[in-house]
Amino acid sequence: MEWREQSSLGCAEAYLEAQRWIEAVTKKTFGSDDFRSALENGILLCDLINKIKPGTIKRINRLPTPIAGLDNLNVFLRACGKLGLKDAQLFHPGDLQDLSSRVTVLITIYWLGRRAQCDQLYDGPYLNFKAFEGLLGTALYKVIHFEWVIISLGTVSSLICAALKQVSYFHMQT
C-alpha cells in the first residue's frame, strides 16, 4: 500500500477517534459530520481543555463570529502550552481551514490525549492512540527509534566506562 493511501486511511480513523474522544470528554456532540466546522469556533476545544484540567480557560467567547472563533482557538493553543505541549505539537489556527494542514489538528489532539492520560488528576475517557498509528506511524517510529538508540548508546557508554574503570583499577593493583 502506498504511503499516501495508508496516510489517508490513518487520517480517517484518527478523525473518528478524535471526534469520539472529544465528545466523550466534553459530553457534547460535534453537531456536524464535518470535523473542521465542529471545531472552527474553538468552543468545543476550550471545553475539552477545561474538562482535562478544570479552570484552565477562564473565558470562552461564545459569539458566532470568525474573530471570536480565532480568539478561542488561540486561547486553546495557549492552554495546551500551559499543559505542557510544545509548539511543534500544536496546530496553527489557520490549519482548520486548510485541507492539507488539518492533520496537524489531529496531531495536537493526539498529544493532548497523551498529556491527559499522564495527568493523575484526570479521570475522564482516554484517547485510543492506536487509531493514530497510521497517521503518525513513521514519525513516531523515528522518534521512538531515535530515543531507543540514544538510550542504548548511553547504556553502552556506561558499560564501557565501568569496564575501563575496572581495567585501570586492576592495572593499579598489579
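1. Beyond its neighbours within four places in sequence, Arg102 is in contact (heavy atoms within 4.5 Å) with Tyr15, Asp34, Arg36, Asp95, Leu96 and Gln97. The model is predicted: local features need pLDDT of at least 70, side-chain atom pairs count only at pLDDT 80 or more, and totals for chains, interfaces and linings use all residues. Residues are numbered from 1 along each chain as its sequence is written, and side-chain values use heavy atoms, leaving out hydrogens and water.

2. Arg102 is buried but has no salt bridge. Buried means under 20% relative accessible area (1.4 Å probe, protein chains only). A salt bridge needs a side-chain nitrogen of Lys or Arg within 4 Å of a carboxyl oxygen of Asp or Glu. Asp34 is the nearest side chain of opposite charge, 4.3 Å away. Lys and Arg count as positive, Asp and Glu as negative; His and the chain ends are not counted.

3. Arg102 belongs to helix H5, residues 102–118. Helices are DSSP runs (H or I, at least four residues), numbered from the N terminus. The axes of H5 and H3 (residues 43–52) come within 11 Å and cross at roughly 15 degrees. Axes are lines fitted to C-alpha atoms over the stretch in contact; angles run from 0 to 180 degrees between N-to-C directions. H3 and H5 are therefore roughly parallel, the term for angles under 35 degrees. H3 supplies Leu45, Leu48, Ile49 and Ile52 to the contact; H5 supplies Ile109, Leu112 and Ala116.

4. The protein chain has six helices and zero strands (E, at least two residues). Of its 174 residues, 38% are buried.

Definitions and conventions:
Buried < 20%, exposed > 50% of the residue type's maximum accessible area, 1.4 Å probe, protein only. Parallel < 35°, antiparallel > 145°, perpendicular 65-115°, else oblique.
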